[in-house]
Amino acid sequence: MTDLPGTEVLRYTAFSADPEGGNPAGVVLDASHMDEADMVAVAAELGYSESAFLTGPAEASEPGVRGYTIRYFSPKAEVSFCGHATVATALALAERDGPGDLEFATAAGPVPVTVVREGTELRATLTSVEPHVTDVAAEDLAEALAALDWPAADLDPALPPRLAYAGARHLVLAAASRERLAALSYDFARLEALMRRLDLTTVQLVWRASETVFHVRDPFPVGGVIEDPATGAAAAAFGAYLRALSLVPESAGLTLHQGEDMGRPGTLTVTLRAGDARVRVSGTGTRIPDPAGA
(Lines give C-alpha, C1' and ligand atoms only; values in the text may rest on other atoms or scores of the structure.)
Protein backbone atom coordinates (compact mmCIF):
# COMPACT_ATOMS: atom_id res chain seq x y z
CA MET A 1 0.00 0.00 0.00
CA THR A 2 1.11 3.59 -0.66
CA ASP A 3 3.52 4.68 2.07
CA LEU A 4 1.55 7.23 4.10
CA PRO A 5 2.56 7.10 7.77
CA GLY A 6 -0.40 7.03 10.12
CA THR A 7 -2.84 5.95 7.42
CA GLU A 8 -4.94 2.86 8.04
CA VAL A 9 -6.79 1.72 4.93
CA LEU A 10 -9.70 -0.59 5.67
CA ARG A 11 -11.45 -2.75 3.08
CA TYR A 12 -15.18 -3.32 3.25
CA THR A 13 -17.77 -4.68 0.89
CA ALA A 14 -21.23 -3.12 0.78
CA PHE A 15 -24.61 -4.66 -0.07
CA SER A 16 -23.50 -8.20 0.78
CA ALA A 17 -22.58 -10.04 3.98
CA ASP A 18 -20.11 -12.11 1.94
CA PRO A 19 -16.65 -10.57 1.40
CA GLU A 20 -16.72 -12.06 -2.12
CA GLY A 21 -20.01 -10.34 -2.96
CA GLY A 22 -21.27 -6.78 -3.19
CA ASN A 23 -19.08 -3.79 -3.98
CA PRO A 24 -15.71 -3.39 -2.27
CA ALA A 25 -14.52 0.01 -1.08
CA GLY A 26 -11.48 1.35 0.64
CA VAL A 27 -12.24 3.25 3.85
CA VAL A 28 -9.90 5.66 5.64
CA LEU A 29 -11.47 6.77 8.92
CA ASP A 30 -8.83 9.46 9.52
CA ALA A 31 -7.72 11.17 6.33
CA SER A 32 -7.15 14.57 7.95
CA HIS A 33 -3.46 14.45 7.02
CA MET A 34 -4.03 13.43 3.39
CA ASP A 35 -4.20 15.71 0.36
CA GLU A 36 -6.08 15.01 -2.85
CA ALA A 37 -3.06 13.37 -4.50
CA ASP A 38 -2.72 10.99 -1.55
CA MET A 39 -6.38 10.01 -1.79
CA VAL A 40 -6.20 9.38 -5.52
CA ALA A 41 -3.07 7.29 -5.00
CA VAL A 42 -4.75 5.10 -2.36
CA ALA A 43 -7.88 4.68 -4.50
CA ALA A 44 -5.81 3.79 -7.56
CA GLU A 45 -3.70 1.28 -5.67
CA LEU A 46 -6.77 -0.45 -4.22
CA GLY A 47 -8.38 -0.50 -7.67
CA TYR A 48 -11.93 -0.51 -6.30
CA SER A 49 -14.57 1.58 -8.07
CA GLU A 50 -14.48 4.06 -5.17
CA SER A 51 -12.87 4.60 -1.80
CA ALA A 52 -14.01 6.92 0.99
CA PHE A 53 -11.96 9.28 3.16
CA LEU A 54 -13.13 10.98 6.36
CA THR A 55 -11.30 14.29 6.43
CA GLY A 56 -12.66 15.50 9.76
CA PRO A 57 -15.71 16.03 11.95
CA ALA A 58 -18.73 18.02 10.74
CA GLU A 59 -21.65 19.61 12.52
CA ALA A 60 -24.71 17.42 12.11
CA SER A 61 -28.18 18.82 11.52
CA GLU A 62 -29.67 17.17 14.62
CA PRO A 63 -28.46 16.62 18.20
CA GLY A 64 -27.09 13.20 18.99
CA VAL A 65 -26.00 12.54 15.40
CA ARG A 66 -22.32 11.94 14.69
CA GLY A 67 -21.16 14.17 11.84
CA TYR A 68 -18.23 13.64 9.47
CA THR A 69 -16.86 15.27 6.33
CA ILE A 70 -16.32 12.66 3.62
CA ARG A 71 -14.71 12.59 0.18
CA TYR A 72 -14.90 9.86 -2.46
CA PHE A 73 -12.33 8.91 -5.08
CA SER A 74 -12.35 6.46 -7.96
CA PRO A 75 -8.97 5.23 -9.24
CA LYS A 76 -8.98 8.27 -11.58
CA ALA A 77 -10.66 11.20 -9.86
CA GLU A 78 -12.92 12.54 -7.11
CA VAL A 79 -16.67 11.89 -7.34
CA SER A 80 -19.40 13.94 -5.66
CA PHE A 81 -21.18 11.05 -3.97
CA CYS A 82 -20.83 7.29 -3.71
CA GLY A 83 -23.50 5.17 -2.06
CA HIS A 84 -21.64 1.93 -1.51
CA ALA A 85 -18.59 3.67 -0.02
CA THR A 86 -20.95 5.61 2.28
CA VAL A 87 -22.47 2.34 3.48
CA ALA A 88 -19.01 0.80 3.89
CA THR A 89 -17.80 3.79 5.93
CA ALA A 90 -20.91 3.79 8.12
CA LEU A 91 -20.43 0.10 8.86
CA ALA A 92 -16.76 0.65 9.72
CA LEU A 93 -17.72 3.46 12.12
CA ALA A 94 -20.45 1.30 13.65
CA GLU A 95 -18.02 -1.53 14.27
CA ARG A 96 -15.63 0.93 15.93
CA ASP A 97 -18.10 3.14 17.84
CA GLY A 98 -21.41 1.25 17.82
CA PRO A 99 -24.56 1.53 15.68
CA GLY A 100 -26.56 4.74 15.56
CA ASP A 101 -27.26 7.85 13.52
CA LEU A 102 -24.57 9.45 11.38
CA GLU A 103 -24.48 12.33 8.93
CA PHE A 104 -21.91 12.74 6.18
CA ALA A 105 -21.13 16.13 4.71
CA THR A 106 -20.57 15.30 1.02
CA ALA A 107 -19.92 17.47 -2.01
CA ALA A 108 -23.53 16.81 -3.03
CA GLY A 109 -24.96 17.82 0.36
CA PRO A 110 -25.66 16.21 3.75
CA VAL A 111 -26.37 12.47 3.69
CA PRO A 112 -27.85 10.94 6.86
CA VAL A 113 -27.12 7.27 7.55
CA THR A 114 -28.61 5.04 10.23
CA VAL A 115 -26.86 1.80 11.21
CA VAL A 116 -28.74 -0.89 13.11
CA ARG A 117 -27.84 -4.38 14.20
CA GLU A 118 -30.02 -7.18 12.82
CA GLY A 119 -29.01 -10.41 14.50
CA THR A 120 -25.33 -10.86 13.77
CA GLU A 121 -25.28 -8.33 10.91
CA LEU A 122 -25.13 -4.57 10.69
CA ARG A 123 -27.38 -2.80 8.19
CA ALA A 124 -26.88 0.77 7.01
CA THR A 125 -29.57 2.97 5.46
CA LEU A 126 -28.56 6.17 3.71
CA THR A 127 -30.95 8.98 2.79
CA SER A 128 -30.14 10.72 -0.47
CA VAL A 129 -30.11 14.42 -1.20
CA GLU A 130 -33.22 15.66 -3.01
CA PRO A 131 -33.30 14.01 -6.46
CA HIS A 132 -34.43 15.16 -9.88
CA VAL A 133 -35.16 13.42 -13.18
CA THR A 134 -34.86 14.96 -16.66
CA ASP A 135 -35.22 13.92 -20.30
CA VAL A 136 -32.24 12.73 -22.32
CA ALA A 137 -31.61 14.24 -25.74
CA ALA A 138 -32.29 11.91 -28.68
CA GLU A 139 -28.76 12.27 -30.03
CA ASP A 140 -27.24 11.46 -26.61
CA LEU A 141 -29.43 8.38 -26.26
CA ALA A 142 -28.41 7.25 -29.76
CA GLU A 143 -24.74 7.66 -28.86
CA ALA A 144 -25.16 5.73 -25.61
CA LEU A 145 -26.85 2.85 -27.40
CA ALA A 146 -24.14 2.84 -30.07
CA ALA A 147 -21.40 2.72 -27.42
CA LEU A 148 -23.20 -0.14 -25.65
CA ASP A 149 -23.97 -1.89 -28.96
CA TRP A 150 -27.62 -2.09 -27.90
CA PRO A 151 -30.25 -1.92 -30.66
CA ALA A 152 -33.04 0.49 -29.72
CA ALA A 153 -35.46 -2.42 -30.16
CA ASP A 154 -33.85 -4.10 -27.13
CA LEU A 155 -35.06 -1.35 -24.79
CA ASP A 156 -38.14 -1.81 -22.61
CA PRO A 157 -40.70 0.78 -23.80
CA ALA A 158 -42.42 0.69 -20.40
CA LEU A 159 -39.32 2.22 -18.75
CA PRO A 160 -38.23 5.13 -20.96
CA PRO A 161 -34.65 6.48 -20.89
CA ARG A 162 -34.05 9.38 -18.50
CA LEU A 163 -31.27 11.19 -16.66
CA ALA A 164 -31.64 10.75 -12.91
CA TYR A 165 -29.81 12.43 -10.03
CA ALA A 166 -29.73 11.71 -6.29
CA GLY A 167 -26.24 12.97 -5.47
CA ALA A 168 -24.68 11.93 -8.80
CA ARG A 169 -26.02 11.82 -12.38
CA HIS A 170 -26.90 8.54 -14.09
CA LEU A 171 -28.42 7.63 -17.44
CA VAL A 172 -31.18 5.06 -16.87
CA LEU A 173 -31.66 2.53 -19.69
CA ALA A 174 -34.03 -0.42 -19.34
CA ALA A 175 -33.43 -3.70 -21.15
CA ALA A 176 -36.41 -5.62 -22.49
CA SER A 177 -34.92 -8.97 -21.40
CA ARG A 178 -32.58 -10.42 -18.82
CA GLU A 179 -30.46 -11.79 -21.69
CA ARG A 180 -29.93 -8.28 -23.06
CA LEU A 181 -28.78 -7.06 -19.65
CA ALA A 182 -26.43 -10.03 -19.23
CA ALA A 183 -24.74 -9.48 -22.60
CA LEU A 184 -22.73 -6.40 -21.63
CA SER A 185 -19.78 -5.67 -23.91
CA TYR A 186 -19.28 -2.00 -24.68
CA ASP A 187 -16.90 0.51 -26.27
CA PHE A 188 -15.07 1.79 -23.18
CA ALA A 189 -13.58 4.95 -24.69
CA ARG A 190 -16.74 5.90 -26.57
CA LEU A 191 -19.01 5.52 -23.56
CA GLU A 192 -16.51 7.32 -21.33
CA ALA A 193 -16.45 10.29 -23.70
CA LEU A 194 -20.23 10.56 -23.71
CA MET A 195 -20.42 10.23 -19.94
CA ARG A 196 -17.88 12.98 -19.42
CA ARG A 197 -19.77 15.28 -21.77
CA LEU A 198 -23.04 14.61 -19.90
CA ASP A 199 -21.40 14.62 -16.44
CA LEU A 200 -22.56 11.06 -15.72
CA THR A 201 -21.19 8.90 -12.93
CA THR A 202 -22.56 5.60 -14.27
CA VAL A 203 -25.06 4.30 -16.77
CA GLN A 204 -27.80 2.50 -14.84
CA LEU A 205 -28.85 -0.52 -16.92
CA VAL A 206 -31.95 -2.24 -15.55
CA TRP A 207 -34.31 -5.13 -16.20
CA ARG A 208 -37.64 -5.37 -14.41
CA ALA A 209 -38.21 -8.86 -13.02
CA SER A 210 -41.46 -7.94 -11.23
CA GLU A 211 -43.32 -4.89 -9.96
CA THR A 212 -40.75 -4.29 -7.21
CA VAL A 213 -37.72 -6.41 -8.16
CA PHE A 214 -35.05 -5.33 -10.64
CA HIS A 215 -31.70 -6.56 -11.89
CA VAL A 216 -29.20 -3.77 -12.56
CA ARG A 217 -25.72 -3.20 -13.96
CA ASP A 218 -23.58 -0.05 -13.98
CA PRO A 219 -20.81 0.57 -16.52
CA PHE A 220 -18.31 2.98 -14.92
CA PRO A 221 -15.60 3.89 -17.45
CA VAL A 222 -15.23 7.43 -16.07
CA GLY A 223 -14.00 5.82 -12.85
CA GLY A 224 -11.46 3.70 -14.66
CA VAL A 225 -13.30 0.41 -14.18
CA ILE A 226 -15.51 -1.51 -16.59
CA GLU A 227 -18.39 -2.06 -14.18
CA ASP A 228 -19.46 -1.14 -10.68
CA PRO A 229 -20.63 -4.24 -8.73
CA ALA A 230 -23.28 -2.55 -6.50
CA THR A 231 -24.11 1.12 -6.88
CA GLY A 232 -25.91 2.90 -4.07
CA ALA A 233 -25.97 6.33 -5.73
CA ALA A 234 -27.47 4.85 -8.89
CA ALA A 235 -29.99 2.90 -6.82
CA ALA A 236 -31.15 6.14 -5.20
CA ALA A 237 -31.37 7.85 -8.58
CA PHE A 238 -33.31 4.88 -9.97
CA GLY A 239 -35.80 5.03 -7.12
CA ALA A 240 -36.37 8.69 -7.91
CA TYR A 241 -36.78 7.82 -11.60
CA LEU A 242 -39.42 5.18 -10.90
CA ARG A 243 -41.44 7.53 -8.72
CA ALA A 244 -41.12 10.53 -11.07
CA LEU A 245 -42.51 8.46 -13.93
CA SER A 246 -45.26 6.95 -11.71
CA LEU A 247 -43.87 3.47 -12.38
CA VAL A 248 -44.23 2.56 -8.69
CA PRO A 249 -46.45 3.93 -5.91
CA GLU A 250 -45.34 7.07 -4.06
CA SER A 251 -44.54 4.81 -1.10
CA ALA A 252 -42.74 1.65 -2.16
CA GLY A 253 -40.07 -0.87 -1.23
CA LEU A 254 -37.86 -2.08 -4.07
CA THR A 255 -35.19 -4.78 -4.34
CA LEU A 256 -32.27 -4.36 -6.72
CA HIS A 257 -30.00 -7.30 -7.52
CA GLN A 258 -26.60 -6.31 -8.84
CA GLY A 259 -23.24 -7.97 -9.43
CA GLU A 260 -24.56 -11.40 -10.38
CA ASP A 261 -23.11 -11.19 -13.89
CA MET A 262 -19.73 -10.22 -12.39
CA GLY A 263 -19.65 -13.03 -9.84
CA ARG A 264 -20.11 -10.52 -6.97
CA PRO A 265 -23.84 -10.72 -6.13
CA GLY A 266 -25.29 -8.05 -3.89
CA THR A 267 -28.72 -6.77 -2.87
CA LEU A 268 -29.77 -3.14 -2.50
CA THR A 269 -33.07 -2.18 -0.85
CA VAL A 270 -34.65 1.08 -2.04
CA THR A 271 -37.40 2.72 0.00
CA LEU A 272 -39.68 5.54 -1.17
CA ARG A 273 -41.83 7.44 1.31
CA ALA A 274 -44.89 9.54 0.52
CA GLY A 275 -44.28 13.22 1.20
CA ASP A 276 -40.48 12.88 1.15
CA ALA A 277 -38.68 13.35 -2.17
CA ARG A 278 -35.50 11.80 -0.84
CA VAL A 279 -34.69 8.13 -1.47
CA ARG A 280 -33.40 5.64 1.07
CA VAL A 281 -30.97 2.89 0.13
CA SER A 282 -29.98 0.17 2.57
CA GLY A 283 -27.85 -2.92 2.73
CA THR A 284 -25.53 -5.03 4.78
CA GLY A 285 -21.79 -5.29 4.42
CA THR A 286 -18.69 -6.78 5.94
CA ARG A 287 -15.00 -6.20 6.33
CA ILE A 288 -12.74 -7.78 3.71
CA PRO A 289 -9.72 -9.50 5.24
CA ASP A 290 -6.49 -7.71 4.44
CA PRO A 291 -4.37 -9.53 1.85
CA ALA A 292 -1.24 -11.14 3.20
CA GLY A 293 1.56 -8.67 3.53
CA ALA A 294 -0.64 -5.54 3.10
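## Basis of the report

A residue is called buried under 20% relative accessible area, exposed over 50% and partly exposed in between, using a 1.4 Å probe and protein chains only. By this scale serine 246 is exposed, because its relative accessible area is 63%.

The model is predicted: local features need pLDDT of at least 70, side-chain atom pairs count only at pLDDT 80 or more, and totals for chains, interfaces and linings use all residues. Residues are numbered from 1 along each chain as its sequence is written, and side-chain values use heavy atoms, with hydrogens and water left out.

## Residues with positive phi

Most residues other than glycine have a negative phi. Serine 246, which is not a glycine, has a positive phi of about 55°. This serine 246 lies in the loop between helix 6 and strand 15 (252-258); helices (H or I, at least four residues) and strands (E, at least two) are DSSP runs, numbered from the N terminus.

Aspartate 149, also not a glycine, has a positive phi of about 60°. Aspartate 149 is placed in the loop between helix 3 and strand 10 (162-165). With a relative accessible area of 57%, aspartate 149 is exposed.

## Packing of helix 3 and helix 5

Two packed helices are described by the angle between their axes and the distance between the axes. For helix 3 (residues 138-148) and helix 5 (residues 188-198), the axes come within 8 Å and cross at roughly 150°. Axes are lines fitted to C-alpha atoms, for helices over the stretch in contact, and angles run from 0 to 180 degrees between N-to-C directions. Helix 3 and helix 5 are therefore roughly antiparallel (angles over 145 degrees).

Helix 3 contributes Asp140, Glu143, Ala144, Ala146, Ala147 and Leu148 to the contact, and helix 5 contributes Arg190, Leu191, Leu194, Arg197 and Leu198 (heavy atoms within 4.5 Å). By class, this contact of helix 3 with helix 5 has 7 nonpolar, no polar and 4 charged residues; Ala, Val, Leu, Ile, Met, Phe, Trp, Tyr, Cys and Pro count as nonpolar, Asp, Glu, Lys and Arg as charged, and the others, Gly among them, as polar.

## Aromatic pairs

The whole structure holds 6 aromatic pairs. Rings of Phe, Tyr and Trp (its six-membered ring) pair if their centres lie within 6.5 Å; planes under 30 degrees apart count as stacked, over 60 as edge-to-face and the rest as tilted. Tyrosine 186 and phenylalanine 188 are stacked, at 6.2 Å centre to centre and 15° between the planes. Tyrosine 186 is buried at 14% relative accessibility, whereas phenylalanine 188 is partly exposed at 28%.

Phenylalanine 214 and phenylalanine 238 form an edge-to-face pair, 5.0 Å centre to centre with 85° between the planes. This pair links phenylalanine 214 in strand 13 (residues 213-220) to phenylalanine 238 in helix 6 (residues 232-244), 24 residues apart.

Technical notes. Parallel < 35°, antiparallel > 145°, perpendicular 65-115°, else oblique.
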